[in-house]
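Please look over the chain below before reading on.

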Amino acid sequence: MTPTPKFRPDPIITAVPAPIRVLSPATGGLVAEVPDEGAAGVAAAVDAARGAFPEWASRPLAGRVEALKRWRDLVLDDAHGVASTLVRESGKPRHEAEAFEILYLCELIRFAGRAARRALAEETRNPFLFVTKKTRLTRRPLGVVGVIGPWNFPILNNAADAVGPLLMGNTVVLKPSEVTPLTSLRLCDLWVKAGNPPDVFRVVTGRGEAGAELVERADGIMFTGSVATGRKVAARAGERLIPCVTELGGKSPFVVLAGADLERAAEAAAWSSFIHSGQVCIRTERIYVEERVADRFEALLVERVRALRPLVPNGSAAGISDLGAVTFARQLDTLERQIADATGKGARVAVGETHRQTRPGNFFSPTVLLGATHDMEVMREETFGPLVPVMRVKDAEEALRLSNDSHLGLNASVFGPREKAEAFARRLQSGQASVNDALVSYFVVEAPLGGWKASGLGVRHGVESLRQWTRTEGITVGRPMLAPLERFVARKLAFPYDPRFLAVIRRASRLLYRRGLAEKLRAPRDRD
Ligand code: NDP
């Protein structure tokens, strides 16, 4: 057994009672206890991170990239141990821990390490009006970025969210979910073991109040979690006027159009619905299938879901399995409520007759509901568990209308003839969409992912996400060759105002904008 990760002894920590008990979702047993460092722990960590900021921010980018690569290498060397910790606290299959979470961290460091150069590169803007000037845009880090993570992806939506802010020159304090804090602690230990400054990347364990305190103290916030908490975080960040990126819930539609490869669609639907037992914000939450191909698609989907191999709940999750436990016990009630509501309104359980299981741990049979309609809660509210409803639609237009009939808009999948499916995807109200595939768009770290509607603000991934962790300063300077003209214009614009110059401006304004001379004069080097 891999030893449980150590946490740093700290007088503030030991003074706080009521430790957090991390329970195994697969066995119900105690995995470890970690301290609730509370508001005081957050304050201490932010102070330390602020102290480390000037040195980290002043390092050349190459130095920061090297630090992240050293960390990545140690994570890879310790991949078995990291994955074991992750499996024990989250209940997900080892395959998902290694193939998705650890791989994702490595890929993100590769991409962001290169894109950081572009994100931080100084740019020059040439003003049209003030030809004697040019503006240099510089980007500088915010300071201490607070990352608040959820329980479903202990690497992907926790430590990995520190990568962008760190590369941009910020220091980071991470508050993982109290449900799954151990992987973050282990990764933080590896950061230090890699020879990196401990206060540049700190992990604080605590409950919701610790998260709230981080919002009070940090200079920018990356939050992943529920819509309800995300609203509170964004509201407070708004009051404090600090940048805040939120990735919240999803109700991602999966659409099967006539002409789709139904075998592939069923395979992708099963995977994207039940990956990590459905506890994924971008997972398939509802399926729409065109009436003409529904019989065949539903049969294929049912067949695939019946074949899923459940986790052997021995606590170590050593055996091969497709489906893990439900990490957060509260989700089991949501699943039962949504099934009862749907069957009460006419849906049929095609797979998953036993639902909640009586063995120890949070196990729930993967469940497929057929005959769903849009008045059912399962089609409208986030499920976040191993349950997926299938609704038949008359045609693509109905599928589109219903897909967009949601207060959320994070991700989507469309299966069908390529051009038709792509045209469909362009009309979706969604931050991302995959054509003839599912979920892969998340791993395209080059492309920004940001939720529409109540699914969030700002983006993760892409060069755009990196720039969110910087402030821009525009420094306007004169062109030495045009210094005499610059002095003349400056004198004319300043006190005492000259009525003759105002008359020139009036005439010039009409000529440039009313008569369109400005459009004709726009030099090729101009960048608006
Ligand atoms: P929460 O929003 O409750 O928690 C997310 C994080 O915020 C946790 O670290 C939590 O700490 C912390 N937190 C709680 N209260 C506050 C507060 N007032 N201020 C600041 N931080 C706070 O989400 P859940 O953990 O309950 O996750 C459930 C839901 O989150 C899912 O149903 C899904 O909608 C959404 N989700 C979305 C994800 C995405 O990637 N978009 C990923 C995971 C979840 P603690 O856990 O210690 O209370």
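What follows describes a predicted model.

## Overall build

The chain holds 20 helices and 20 strands.

The C-alpha trace spans about 85 × 65 × 35 Å along its principal axes. Of the 528 residues, 56% are buried.

Strand S11 covers residues 284–290 and is mostly covered. Seven of its seven residues are buried.

S11 pairs with two strands discussed here, S10 and S14. Strand S10 (residues 252–256) runs parallel to S11, and five bridges join them. In this pairing, Ser 252 stands opposite Thr 284. The chain gets from S10 to S11 by way of helix H10, residues 262–274. This β-α-β crossover is right-handed.

Strand S14 (residues 387–393) also pairs with S11 in the parallel sense, over four bridges. Here Tyr 288 is set opposite Met 391 of S14.

## A nonpolar surface patch

Which residues form the nonpolar patch on the surface? They are Leu 129, Phe 130, Leu 493, Leu 502, Ile 505 and Tyr 513. Together they have about 560 Å² of accessible area.

Helix H19 (residues 499–514) gives the most to this patch, with three residues. Tyr 513 is a patch member and lies in H19.

Notes
Residues are numbered from 1 along each chain as its sequence is written. This is a predicted model: local features need pLDDT of at least 70, side-chain atom pairs count only at pLDDT 80 or more; totals for chains, interfaces and linings use all residues. Side-chain values use heavy atoms; hydrogens and water are left out. Patches are made of residues with over 30% relative accessible area and no salt bridge: like charges are joined within 9 Å, nonpolar side chains (Val, Leu, Ile, Met, Phe, Trp, Tyr) within 5 Å. Accessible areas come from the Shrake-Rupley method with a 1.4 Å probe; for residues, only the protein chains shown count as cover. A salt bridge is a side-chain nitrogen of Lys or Arg within 4 Å of a carboxyl oxygen of Asp or Glu. Buried means under 20% relative accessible area, exposed over 50%, partly exposed in between (1.4 Å probe, protein chains only). Two strands pair if DSSP finds at least two bridges between them. A crossover is right-handed if, with the strands pointing away from the viewer, the path from the first strand over the helix to the second runs clockwise.
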